[in-house]
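Have the model open as you read.

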Amino acid sequence: MFSCWISRQYWGFSTPTGRIAHLIRGSLSRTLVLSSQRRTPEFSSFVARTNTCGELRSSHLGQEVTLCGWIQYRRQNIFLVLRDFHGLVQVVIPQEESAASVKKILCEAPVESVVQVSGTVISRPPGQENPKMPTGEIEVKVKTAELLNSCKKLPFEIKDFVKKTEALRLQYRYLDLRSFQMQYNLRLRSQMVMKMREYLCNLHGFVDIETPTLFKRTPGGAKEFVIPSREPGKFYCLPQSPQQFKQLLMVGGLDRYFQVARCYRDEGSRPDRQPEFTQIDIEMSFVDQTGIRSLIEGLLQYSWPNDKDPLVVPFPSMTFVEALASYGTDKPDTRFGMKIIDISDMFRNTEVEFLQDALSKPQGAVKAICISEGAKYLKRKDIESIRKFAADHFNQEVLPVFPKASRNWNTPVAQSILEEQRSGLIRLMEIQEDDVVLLTAGEHKKACSVLGKLRLECADLLEARGLVLRDPALFSFLWVVDFPLFLPKEENPGELESAHHPFTAPHPSDLQLLYTEPEKVRSQHYDLVLNGSEIGGGSIRIHDAELQRYILATLLKEDVKLLSHLLQALGFGAPPHGGIALGLDRLICLVTGAPSIRDVIAFPKSFRGHDLMSSAPESLPPEELKPYHIQVSWPADSEA
């Protein structure tokens, strides 16, 4: 399987079509041209082997080959399967007395030992071919063998079907990396990044520039890692992103910047995040939202793996307001329906008390989603767990209604609603036999948010019962635009904070509101969503120094001294500019179907941000901290 993938994938990516192909052809005539001849890589150049294990076929019959790899398994001391990164090949252990030393090496070496063998490629005997192996028509008759390194007893078997705890995999990551799945994930990641470089730098004139890792604190955003310096009381910070540097590169006239950027955020224990992560970081001068979106669509189409269905561009888009109203989230999974419907107008004159109460308040609304065949597949305990989830997490009452179900699970309140509006509900929500309606009433955003969560919870429940709502082979991209520029601070709702970051430009149509009702201003921020996960985000930036100063000092009440270098730069003829960052780890995770981003990173941190292999982070003795003028204040209950 794996060797087939390698041979198809190494240079096999989707061929751009239509508008994207036209852009590429135009760029080729003006910029650097990459050779159109795609050469097969030389996997065995510069090394002791003549071939890889996975490349041998009937066309190699009679050839003398030298192979290096790991012993996958051995059968009856007659055959062994040798594995390398490219695949598997069967090796015939010689039984002749004259080859006793070779037989001894290959029969006594433990599984996962590293060996080098030389021999002849021969056909397998008739009837012994293995059509499931790409090398299944041939085998190698060994003449010489050398044990390069013996393997001790393993903490787990190097087989994908053998279940291992994630902690054990991370502790012995160097062994886990030998698995076919990890090899597939990391090689696919490498190839997609290489194609992205080709698209950006060779076809569209971007400049690959490294930016500093040691920087200073940035106002707003996520928490940053602090790095001590040898100057008393002075610290560096690791950058959350190269945001300021890429804007300064635009001021410096670089015009088009790109970087595979390492970024750092001290966000604590979050299962879907890593303290260090990788972005495809991009910035352009003289660009608008349309230009950025077209660039990213072309980039993804060009770098998309050939074993997936080709991407269709342009990607659809919707506003933040539309996404929240229809899906209850700003990163909707559009692979399935179950949209939120506003049924407020239907109940303006209702006698049902809790609906009356909700609609009488500002922003009050009645919202509902329809779970197709919910009464058929969901059990009563499922319905109760859905209600409990809404109450526990949102303090929100959710009412299940069964307009056409054979089961009579309607509460008295649900029955009252049906007596008033059964036919209206059925018509508006297009309800079929055995559908279930989940209804809630309250403030608009809160009602949408709870139903958005329940939409995903119900999808999980239905898929656990055998329904397929979210096709894993479908990649549903979506642009979400027109985000609010500011949000009220959680700890102090009377103050504002940036919804994205403080360098995002306001929507041109809302510029005057900035000085009167800033909470209503939309931003020129855009997110790229794939199958319900945000994989990218960016914005058109503020390039006017006075506007930037006003937003920082007056609206966000930030100390502008922290950003004096940026404000000064914007005053020296900064061009209009904008950019985006794609989360590489999340993108590859979704493309490969991996259960976690840790499965597409070579050496990830654990859930708690620890390196279980090396036991980082670790304590340092006081004498090593002294040059940094640091003393550790241990908690009272600490054993240190």
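Before going on, a word on what you're looking at. This is a predicted model, where local features need pLDDT of at least 70 and side-chain atom pairs count only at pLDDT 80 or more, while totals for chains, interfaces and linings use all residues. Residues are numbered from 1 along each chain as its sequence is written, and side-chain values use heavy atoms, with hydrogens and water left out.

Now, the cores. A nonpolar core is a set of buried Ala, Val, Leu, Ile, Met, Phe, Trp, Tyr and Cys residues joined through side-chain atoms within 4.5 Å, and buried means under 20% relative accessible area with a 1.4 Å probe, protein chains only. I296 turns up again in the largest core, which has 56 residues; I296, I282, L300, F477 and L528 are those with the most contacts inside it. Helix 6 (residues 180–204) gives the most to this core, with 9 residues. Apart from it lies another core, of 27 residues, with I371, A390, V436 and L454 among them.

Next, the strands. Helices (H or I, at least four residues) and strands (E, at least two) are DSSP runs, numbered from the N terminus, and two strands pair if DSSP finds at least two bridges between them. Here is how strand 1 (residues 64–75) pairs:

| Pair | Sense | Bridges |
|---|---|---|
| Strand 1 and strand 4 (residues 114–123) | antiparallel | 7 bridges |
| Strand 1 and strand 2 (residues 79–84) | antiparallel | 5 bridges |

T66 has S118 in strand 4 as its bridge partner, while R74 stands opposite L80 in strand 2. Strands 1 and 2 form a hairpin with 3 residues between them, and Q76 in the turn has a positive phi of about 55 degrees.

On a 1 Å grid over the protein atoms alone, a cavity is a set of points where a 1.4 Å probe fits but cannot get out; a pocket is an open set with protein on both sides within 12 Å along at least five of seven lines, and lining residues have an atom within 4 Å of a point. The largest cavity is lined by L170, R173, F603, P604, D611 and M613. Among the 18 residues that line the second largest pocket, F225, V226, I227, D266 and P617 are the closest to its centre. Strand 7 (residues 226–228) supplies the largest share of that lining, 3 residues.

Note on methods: Buried < 20%, exposed > 50% of the residue type's maximum accessible area, 1.4 Å probe, protein only.
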